[in-house]
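Subject: A structure for you to look at

Hello,

Here is the structure I promised to pass on. Have it open while you read, and my notes on what I found follow just below.

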Amino acid sequence: MKRREFLASGLGLLAGAALPGCDDHGASRMPKPPVAATGPDGQRRLPWQNWSGYQHCLPAQRVAPASLDELAEVLRRSPGPVRPVGAGHSFTPLVPTEGTVVSLRNFEGLLAHDAAALSATLGAGTKLGDLGEPLHAIGQALPNMPDIDEQSLAGAMATATHGTGAKLGALHSRVTALKLMTPRGELLECSPRRNREVFDAARVSLGSLGVITEFTLSNVPTHRLKRQVRLEALDALLDGGFDALAAAHHSFEMYFIPHCDQGVVITIDPTDEPVRPRGADQDNNAVMDMKRLRDVLSWWPGARRWLMNQSTRDYQPEAAVDVWYRAFPSSRAVRFNEMEYHLPRERLLPTLRQVRDTVETKHPEIFFPVEVRVVKGDDGWLSPFHGHDTSGSIAVHHYHVEDPLPYFADIEPLFRAAGGRPHWGKMNTLAAADFAALYPRWKDFLQVRAGLDPEGKMLNPYLRKVFGA
Amino acid sequence: MRLLRGCVMTLWVVAGLCACGEQAAPAGGAAAAPADPKLAKLYGQTCKACHTSPGSGAPQSGDRAAWDPRMAQGMATLLDHTVNGYKGMPPLGSCMDCGEKDFEALIRFMSGQGS
């Protein structure tokens with residue numbers, strides 16, 4: 001009997017066995033958005049929700065100022081709290097407000113560049129996925145990118161969004177200048193030479209200092225990258241393989257697949273090889289396939305593991321070569337909620353072992369792979385990589401219509417015990433006192449913030465909790 | 001994670017055993033931008049990324065075969081899906097300041113029933 005036929009017949013027996021009922025995995029507990037209300041203009045006021053649908057609000061207004069003057073007026077006159085929004089891709093409640101949601105979509109595109117210095121100035125509302133082509137056209141490249149490119153530049157900077165690579169910093173580590181419209185409607189130019197303290201505070205600032213309208217980035221020459229994907233034994237990765245790969249490759253990340261003995265290894269390195277595009281992205285269908293397996297076999301982990309191992313045994317490695325901005329991102333059409341912490345590098349793999357044990361023994365509902373990355377440290381005051389030579393990051397995901405809190409409540413203590421700092425855009429339960437203990441420049445940041453926004457116009461309830469305001 | 005599709009290819013036999021799942025929609029074609037510059041800008045900044053990308057699972061702009069059954073559900077249903085998100089589509093279709101009239105015009109354009 002061929003292996004495929006053997007698998008099919010085995011699953012046929014499974015299908016004949018008693019199937020579990022359709023557990024909603026906490027879907028009934030998920031927060032519901034407010035109902036749209038009719039505004040004074042007769043149009044419905046629509047609720048705002050983040051990408052996953054977990055965070056929401058019914059703001060008095062949602063606006064997209066078209067100029068700096070309009071933005072200044074919005075900040076001076078609009079009902080507060082005033083909250084800037086990029087792509088709504090944060091999982092923390094950074095945006096929800098009863099006041100004003102300010103879209104930055106009109107502050108976009110390549111505004112200027114310096115060919116000699118390899119620098120470029122970009123509108124803060126530019127989506128990461130839209131900056132590759134214009135930068136490539138002027139011979140420049142970002143040194144690194146996240147694996148999702150839906151976010152706006154402003155949102156990515158505000159939350160210290162990052163890619164992976166032991167010698168590659170997060171996006172904000174490449175900022176050499178920025179412009180900030182303060183809550184008073186004053187435009188501040190900030191760099192290491194002008195308004196230095198505001199610059200250090202603003203690079204990662206949760207949209208709490210005002211609205212950043214543009215960033216100048218220090219880039220590298222445009223180039224091609226080779227992206228390779230393969231499977232390796234998870235135990236071998238945890239026993240030294242991960243460290244060797246992280247040291248050997250320009251960019252490296254690993255996925256731990258629950259209930260599978262192999263891990264996914266993705267490496268990205270500069271190359272002169274000719275372009276070989278990646279082809280259609282199949283990740284989303286793969287995740288939904290793993291969900292189906294969860295739905296059917298979560299009650300029988302042994303069979304679930306056996307099937308995962310059989311199905312991954314003959315996997316053939318993949319390789320693709322393309323321009324830099326097409327090498328990093330992947331489509332994420334299956335929505336989720338996420339928690340990610342950045343740990344001291346030496347605590348990364350011991351903590352990952354604990355996460356693996358917790359997922360596989362306590363949370364059979366989990367089917368999303370766990371993402372493991374490394375990030376070079378930097379000196380941004382609220383950068384979660386502040387003071388680290390290299391950080392190690394672990395991200396756990398939960399299907400968007402199912403309650404993530406029981407899972408995250410079991411994982412977060414592992415991250416905290418390792419001295420981790422949460423990603424600013426991803427779910428966590430920390431408050432002001434926790435952050436004060438984690439960030440050596442916390443008080444400096446609060447001082448700059450209070451000076452720029454003494455009335456707290458930029459603070460929604462979540463940010464008041466974060467800053468203890 | 002593209003390989004994960006390959007990793008679980010043999011698991012297709014379990015598909016359909018539980019009614020709780022969802023699946024990305026099949027691919028379609030592409031379309032030009034709306035004639036109205038304001039709408040074209042909104043489209044380019046928001047809808048276009050997924051609705052001209054077959055791998056996204058979203059119904060593709062101008063693909064009448066994909067859109068006609070959706071339009072048959074009525075504009076109110078499609079607006080609700082847009083405002084609150086639906087399967088892979090995020091709430092507000094990622095347009096943070098769009099109103100209902102904007103969404104309606106964008107839906108009509110993508111469905112091939114408006115310019």
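Arg83(A) has Val101(A) as its bridge partner in strand 7 of chain A. Please keep in mind as you look that this is a predicted model. Strand 7 (residues 100-103) of chain A runs parallel to strand 6 of chain A, and four bridges join the pair. The two strands belong to an open sheet of three strands, with the order 5-7-6 and parallel pairing. Which strands lie at the edges? They are strand 5 (61-63) and strand 6 (82-85) of chain A, each of which pairs on one side only. From one strand to the next, the twist averages 20°.

For the antiparallel sense, go to strand 20 (residues 336-344) of chain A. Seven of its nine residues are buried, so strand 20 is largely enclosed by the rest of the structure. Strand 20 of chain A pairs with strand 22 (residues 390-399) of chain A in the antiparallel sense, over nine bridges. Within strand 22 of chain A, Gly392(A) is the residue that stands opposite Leu343(A). Strand 20 of chain A is also paired with strand 23 (residues 421-422) of chain A, again antiparallel, this time over two bridges. There, His342(A) has Arg421(A) as its bridge partner.

Now zoom out to the domains. Chain A is divided into domain 1 (32-103), domain 2 (110-221 + 437-467) and domain 3 (224-432). The centres of domain 1 and domain 3 of chain A, taken over C-alpha atoms, are 32 Å apart. Where these two domains touch, eight residues of domain 1 of chain A are in contact with nine residues of domain 3 of chain A. The side that domain 1 contributes has three nonpolar, five polar and no charged residues.

Finally, have a look at chain B. The axes of helix 2 (residues 37-45) and helix 6 (residues 100-110) of chain B come within 11 Å and cross at roughly 80°. An angle from 65 to 115 degrees counts as roughly perpendicular, and helix 2 and helix 6 of chain B are therefore roughly perpendicular to each other. Helix 2 of chain B brings Leu39(B), Leu42(B) and Tyr43(B) to the contact, while helix 6 of chain B brings Asp102(B), Ala105(B), Leu106(B) and Phe109(B). By class, the residues of this contact are six nonpolar, no polar and one charged.

Enjoy exploring, and write back with any questions!

Best wishes

Definitions and conventions:
Residues numbered from 1 in each chain as written. Chains lettered and ligands numbered in written order. Predicted model: local features only at pLDDT ≥ 70, side-chain atom pairs only at ≥ 80, totals over all residues. Axes fitted to C-alpha atoms, helices over the stretch in contact; angles between N-to-C directions. Parallel < 35°, antiparallel > 145°, perpendicular 65-115°, else oblique. Contact = placed C-beta atoms within 7 Å. Nonpolar A, V, L, I, M, F, W, Y, C, P; charged D, E, K, R; others polar. Domains from an automatic or database assignment. Pairing = 2+ DSSP bridges. Buried ≥ 20, exposed ≤ 12 C-beta atoms within 10 Å, placed from the backbone.
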